[in-house]
Amino acid sequence: MNLESITLYPLRMPLVAPFETSFGRATDRECVLIEVRAGGLTGYGECVADSNPGYSYETVGTAVHILRDYLIPPLLGKPVPDPKAYFAQAAPVRGHHMAKAALEMAFWDLKGQAEGKSLKTLFGGIHDRVEVGVSVGLQASPAALVDTVAGYLDQGYARVKIKIKPGRDVEDAWAVRTAFPHLRLQVDANSAFTLADAPTLQPLDDLHLLLIEQPLFEDDIWDHAKLQGYFKTPICLDESIVSPRHARYALEMNACRIINIKPARVGGLANGLEIHDLCQSWDIPVWCGGMLETGVGRAANLALASLPNFALPGDISATERYYHEDITHERFALNPDSTITVPDQPGLGVTVNRAALEKFAVGKIEL
Ligand code: OSB
Ligand code: MG
C-alpha cells in the first residue's frame, strides 16, 4: 500500500471555556490535522503542538515546517511505514515528537482500517471503557475553582485535576479538598516551581492527593528525584518524559512513582506502548494525559488507555467539556461511572466531519 498524498490542515477551534495553566491562557485551541491517503483508504492523525511554545518547544508553525519540509517528502510514493517502526525511521530528524506522532497516528489508523481491527485490538487493550477525569484550569479565585469543580462533579467526573502555579498552589488545593473531602484529586504545575519551593509546597502532602504532576523544570528529572524524597505523595512526570529512555531514567532515579503518558510527547503511540510496558515491569502505574484533543486524538488516547497498566483515570474528558462542535461526527460522552467507551471500529474508529473541518481550518497544505 503506497502513500499517495498527505494534506495538512492547521485548525483553530473555539474552546467551550478558556483553559488557563501556569504557562498561559487559551480561548481557542490550535492543532494540525493530518490526512494521509493510501490504497483507497484515508488515515487521520492529530498534531497536538499548540499555537505557542508554552508546554513544549513545538508549535503549529514548527510542526508544519518539519512535516512539510523534512518528514513527509521521503514518504510520498513509498509503502506506508509500519507504525511500530516509524519512530526509528524518522530518526534523521531530531526531536519534534509531536510532528512525528501525528504521522504515526495516521499510519495506525490506516493499518487498522486495512486489517479491519480497532486500535484497541492492535495495541492489545483489555478495557471496553476507560476511567477518566477532568483537568480544570486556573480559575479567578479558590472559591470560583470550587464552583467549577462542583459543576464537573455534577456531570459525573469522579477524578479531578487542578492546575497550580506559584501563589495559586496550596490555597487552591486546600479549598477543593475541604469542599470535597473524598474526591480523587490531583494537581498539575506544568513546571512552574523550583526545588527551592519545596517548603512552600509541603502542605500539599497532607491533602491526600493522588499525585503531584510535573512541579519542576521540564528538562529536569534529577531535581524531581530530590523532591520525591521530601514527599510521601507520588510525584508524576509529564513534560520530562519525552521518550521511553527518559521514562527509564526517571524510574532508575526514583524521580516519580507515576508517569503521565501523552503519546505525542513521547514520539507516538508505539513509544507510549513501550513506556506502558516498561512501567508495568517496574510496578509503576501510568495514566493517559491529554492535550485538549479533537475527536481524532481522543480516539487514539482512549485506545491506548485501554491497556492494563493505565491504572489511574486519564485526562480524557467528554467532547462537550472541550468543544461545542468537533471535527469528528462521533462525540464522546461520559458514562455514569466516569468512564468513556473505547472506539471499536477499524482504525481510530472515528469519521471526519468535512463541514466542520472546512469551518475550523485556517490553512490547507497539500503534499
Ligand atoms: O499538562 O496535562 C497538561 C492541556 C494542554 C497542555 C498540557 C496539559 C493539558 C491538560 C488538559 O491538562 C488535559 C485534557 O486534554 O483534558
Ligand atoms: Mg500535565
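User: Which residues touch the most other members of the largest nonpolar core?

Analyst: A word on the source first: this is a predicted model. The largest nonpolar core has 89 residues, and within it Ile 162, Leu 204 and Ile 259 touch the most other members. Helix H11, residues 295-304, gives the most to this core, with six residues.

User: Where does this core lie relative to the domains, and why?

Analyst: Look at which domains supply its residues. Domain 1 (3-116 + 353-366) and domain 2 (121-341) both contribute to the core, so it lies between them. There is also a second, separate core of 33 residues, and Cys 47, Val 93, Met 98 and Ala 99 are among them.

User: What is Leu 204 in contact with, leaving aside its neighbours within four places in sequence?

Analyst: With those neighbours left out, the contacts of Leu 204 are Ile 164, Asp 169, Val 170, Ala 173, Val 187, Leu 209, Ile 212 and Thr 233.

User: How many residues of each domain are in contact with the other domain?

Analyst: The size of an interface is often given as the accessible area lost when the parts come together. Here there is a residue count instead: 35 residues of domain 1 are in contact with 43 residues of domain 2. The centres of domain 1 and domain 2, taken over C-alpha atoms, are separated by 23 Å.

User: Now the sheet. What is the order of strands in the open sheet of four strands?

Analyst: Strands of a sheet pair through backbone hydrogen bonds, either parallel or antiparallel. In this sheet the order is S3-S2-S1-S13, and the pairing is antiparallel. The edge strands are S3 (41-47) and S13, each of which pairs on one side only.

User: How many bridges does S1 form with S2, and how many with S13?

Analyst: S1 (residues 3-21) pairs with S2 (residues 24-38) over 14 bridges, in the antiparallel sense. A hairpin of two residues joins S1 to S2. Two bridges join S1 to S13 (residues 365-366), again running antiparallel. In S13, Ile 365 is the bridge partner of Leu 8, and Glu 366 is the bridge partner of Thr 7.

User: Which residues of helix H8 are buried?

Analyst: An α-helix has 3.6 residues a turn, so residues three or four places apart point the same way. In H8 (residues 221-230), the buried residues are Ile 221, Asp 223, His 224, Ala 225, Leu 227 and Gln 228. Their cover includes helix H7 (198-201), strand S9 (235-237) and helix H9 (244-252).

User: What caps the N-terminal end of H8?

Analyst: Asp 220 does, with a side-chain oxygen 3.0 Å from the backbone nitrogen of Trp 222.

User: What span should helix H10 have, and how far apart are its end C-alpha atoms?

Analyst: At 1.5 Å a residue, the 13 residues of H10 (residues 269-281) should span 18 Å, and the end C-alpha atoms are 18 Å apart, which agrees. The buried residues of H10 include Leu 269, Leu 273, Ile 275, His 276 and Cys 279. Just after H10, Asp 283 takes a positive phi of about 60 degrees.

Note on methods
Residues numbered from 1 in each chain as written. Chains lettered and ligands numbered in written order. Predicted model: local features only at pLDDT ≥ 70, side-chain atom pairs only at ≥ 80, totals over all residues. Heavy atoms only, no water. Buried < 20%, exposed > 50% of the residue type's maximum accessible area, 1.4 Å probe, protein only. Contact = heavy atoms within 4.5 Å. Polar contact = N/O pair within 3.5 Å; in protein donor to acceptor, adjacent residues only side chain to side chain. Core = buried A, V, L, I, M, F, W, Y, C linked by side-chain atoms within 4.5 Å. Domains from an automatic or database assignment. Pairing = 2+ DSSP bridges. Expected span 1.5 Å × (residues − 1).
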